[in-house]
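Hello,

Here is the structure I promised to pass on.

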Amino acid sequence: MSTDLLRHHPEPLILLASPDPWLAQGLRGPLSTAGFRVITTHAEPETLERVHSRRPHAIVLDVAIAPPGFGLCRTLRSASLATPIVLVCQGHPSRDDVLEAVRAGAWDFRGTPLDVEDLVLRVVAYVEPKLELDRVSEECLVDRVSGLYNHLGLAKRADELAALATRHGLALACMVFRPGSSDLPSRAASDRLAVTFKSVGRASDAVGRTGRAEFAVFAAAGNAWAAKRLVHRLTDRATGYGNGFDVRAGYSAAAPSQKISSYTLLARARSALESGLTPG
């Protein structure tokens with residue numbers, strides 16, 4: 001099987017995440033033949049790290065890698081709205097499972113036995129617009145609506161802050177904010193919240209829009225106590241701007257003596273938010 005649909009974008013990267021070596025082996029060859037570079041992961045932490053460090057153009061995710069439910073899919077979707085996620089599972093998924101997968105951010109959900117040719121062609125179709133979006137996004141590191149950093153701009157700025165903190169022995173903190181409801185707000189409401197974060201953020205901080213309704217703040221020279229105060233200030237201000245919903249938050253801070261990546265801080269802040277460990 002071959003396709004020339006990717007001729008203008010040689011070897012886009014696919015992350016294939018599955019604890020089943022037979023599934024990974026069965027998909028790696030056809031995806032490579034279609035023109036993709038394929039990297040594989042076998043556990044949830046490794047998958048999260050590779051998504052951040054390698055930024056794949058699409059993800060084929062076996063739901064068995066992080067049972068139960070679709071939590072990992074939801075986490076990956078919050079990191080990037082544009083990256084296609086195709087879920088696979090053993091057996092035939094029920095209608096309820098398919099609907100829940102879509103709510104979690106999956107673009108497609110396939111059961112076994114897989115129609116590999118159909119799956120690969122669909123991945124190609126999903127990746128083509130993602131490649132074009134990446135090309136446009138790379139030309140601008142700022143969210144056009146709010147003026148905040150987009151996820152690419154924030155990653156670049158956060159890495160700069162982490163290097164500065166390490167070089168000068170400063171503390172570094174990361175805070176993540178999302179609306180309190182589990183349902184995504186409308187695009188208009190999300191945009192209003194983005195503008196709010198732009199208006200209340202400090203000039204010295206890196207404030208970015210990391211998803212449709214997720215916002216992250218990196219602050220140098222901020223320990224856990226300072227991060228907690230900043231979280232309270234931002235949540236109070238954002239909630240008080242009449243956006244119509246509460247704001248949840250999670251944070252993580254590294255001491256001056258710690259050498260820690262900005263990605264690790266962001267992942268810990270997201271984990272704190274997901275676990276409900278918001279500051280009291």
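Below is what turned up in the search for cavities.

This is a predicted model, in which local features need pLDDT of at least 70 and side-chain atom pairs count only at pLDDT 80 or more, while totals for chains, interfaces and linings use all residues. Residues are numbered from 1 along each chain as its sequence is written, and side-chain values use heavy atoms, with hydrogens and water left out.

How many cavities of 30 Å³ or more does the structure hold? There are two. A cavity here is a set of points, on a 1 Å grid over the protein atoms alone, where a 1.4 Å probe fits but cannot get out; lining residues have an atom within 4 Å of a point. A volume is the space filled by probe spheres set on the points, which are joined across faces, edges and corners.

The largest cavity contains about 60 Å³ of space. Its lining includes Leu61, Asp62, Phe70 and Leu87. Two elements, β3 (58-62) and α3 (71-79), each give two or more residues to this lining, and α3 has the largest share, with three. (Helices, H or I of at least four residues, and strands, E of at least two, are DSSP runs numbered from the N terminus.)

The second largest cavity has a volume of about 50 Å³. Among the residues around it are Ala162, Thr166, Gln258 and Ile260. Helix α6 (residues 151-168) gives the most to this lining, three residues.

Happy exploring!

Key: 1 Å grid on protein atoms, 1.4 Å probe; cavity = no way out; pocket = protein on both sides within 12 Å on 5 of 7 lines; lining within 4 Å.
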